[in-house]
Amino acid sequence: MQTVVNPVKLRHVMDVPNADYQSLSDEELMMSYSRGDAIAFDELYLRNKAPLYRYFLRQTSQVPVAEELTHEVWLRVINARQRYLPKAKFTTYLFQIAHNCIVDHYRKFSRAQQVDCDDQFIESMPANTDNNPERQLDRKQAKSLLMALIKQLPSEQREVFILKEEASLSIEEIATVVGENPETIKSRLRYAVNKLKAGLQGILTGT
């Protein structure tokens with residue numbers, strides 16, 4: 001079931017003391033941008049640019065393509081600003097556009113054209129604060145293995161996993177993004193997680 005944002009609860013930027021954009025929800029920022037507030041868009045972009053980019057990077061394994069598709073999504077958001085209605089969370093709206101972009105991309109280009117970029121995947125993950133060199137190596141190896149395993153997932157399972165982990169979308173929101181029912185999404189996510197756990201088990205247990 002699609003998450004609905006109550007329009008009555010959305011505030012106008014002018015109602016917020018000192019134009020405190022950080023206190024506004026994504027939906028409120030987008031509505032303000034649709035009325036011509038460019039600063040509201042800047043805040044919206046800063047909040048969502050990283051997970052959107054990682055979504056494309058982990059889907060395509062190509063930095064230039066990820067950058068191009070990220071740019072395309074924001075361009076579509078800009079072009080549709082006057083038609084925007086807060087019927088769902090902005091992140092659901094954003095990644096629905098991203099899903100459409102990735103579908104269009106795969107229609108044009110074969111997966112055989114993909115180039116590995118595990119280093120970029122690893123760099124996009126949270127930094128390790130452990131100063132023990134051996135533990136750092138182990139963690140880097142685990143991250144590298146995880147990224148390789150994610151790339152090996154069937155495309156539908158991979159997308160669901162990325163939307164859950166990178167975009168922090170709920171099962172219902174992912175269902176809205178990809179146009180499937182929630183039970184199908186639960187099944188895809190369960191298969192993806194089980195495959196990743198099985199693949200990581202050896203390195204995590206040291207066997």
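Reply: A40 has a relative accessibility of 0%, so it counts as buried. The cut-offs are under 20% for buried and over 50% for exposed, with partly exposed in between (1.4 Å probe, protein chains only). This is a predicted model: local features need pLDDT of at least 70, side-chain atom pairs count only at pLDDT 80 or more, and totals for chains, interfaces and linings use all residues. Residues are numbered from 1 along each chain as its sequence is written, and side-chain values use heavy atoms, leaving out hydrogens and water.

Me: Which residues does A40 touch?

Reply: Contact means heavy atoms within 4.5 Å. Leaving out residues up to four places away in sequence, A40 touches Y21, L29, S32 and Y33. A40 sits in helix 2. Its C-alpha atom is separated by 7.0 Å from that of M30, 10 residues apart along the chain.

Me: How many helices and strands are in the protein chain?

Reply: The protein chain has 9 helices and 0 strands. These are DSSP runs numbered from the N terminus (helices: H or I, at least four residues; strands: E, at least two). Of the 207 residues in the protein chain, 43% are buried. Take contacts between residues at least 6 apart in sequence: 63% of them join residues at least 24 apart.

Me: How do I read a helix pair? At what angle do helix 1 and helix 2 cross?

Reply: Two packed helices are described by the angle and the distance between their axes. Helix 1 (residues 26-34) and helix 2 cross at roughly 145°, and their axes come within 7 Å. Axes are fitted to C-alpha atoms over the stretch in contact, with angles from 0 to 180 degrees between N-to-C directions. The crossing is left-handed (the near helix is turned anticlockwise from the far one by less than a right angle; clockwise is right-handed). Helix 1 brings D26, L29, M30, S32 and Y33 to the contact, and helix 2 brings A38, A40, F41, E43, L44, R47 and N48. By class, that is 7 nonpolar, 2 polar and 3 charged residues.

Me: Which partner does the side chain of R58 meet in a polar contact?

Reply: Its partner is the side chain of E166, at 2.3 Å. A polar contact pairs N or O atoms within 3.5 Å; within protein, one must be able to donate a hydrogen and the other to accept it, and residues adjacent in sequence count only through two side-chain atoms. R58 is in helix 2 (residues 38-60) and is buried, at 9% relative accessible area. T60 is also buried, at 1%. The T60 side chain reaches the backbone oxygen of F56 at 2.9 Å.

Me: Which loop holds S61, and what is its phi?

Reply: S61 lies between helix 2 and helix 3. Its phi is positive, about 65°, although S61 is not a glycine. S61 is buried, at 3% relative accessible area. S168 is another non-glycine with positive phi, about 55°. S168 sits in the loop between helix 7 (155-165) and helix 8 (171-178). At 54% relative accessibility, S168 counts as exposed.

Note on methods
Ala, Val, Leu, Ile, Met, Phe, Trp, Tyr, Cys and Pro count as nonpolar, Asp, Glu, Lys and Arg as charged, and the others, Gly among them, as polar.
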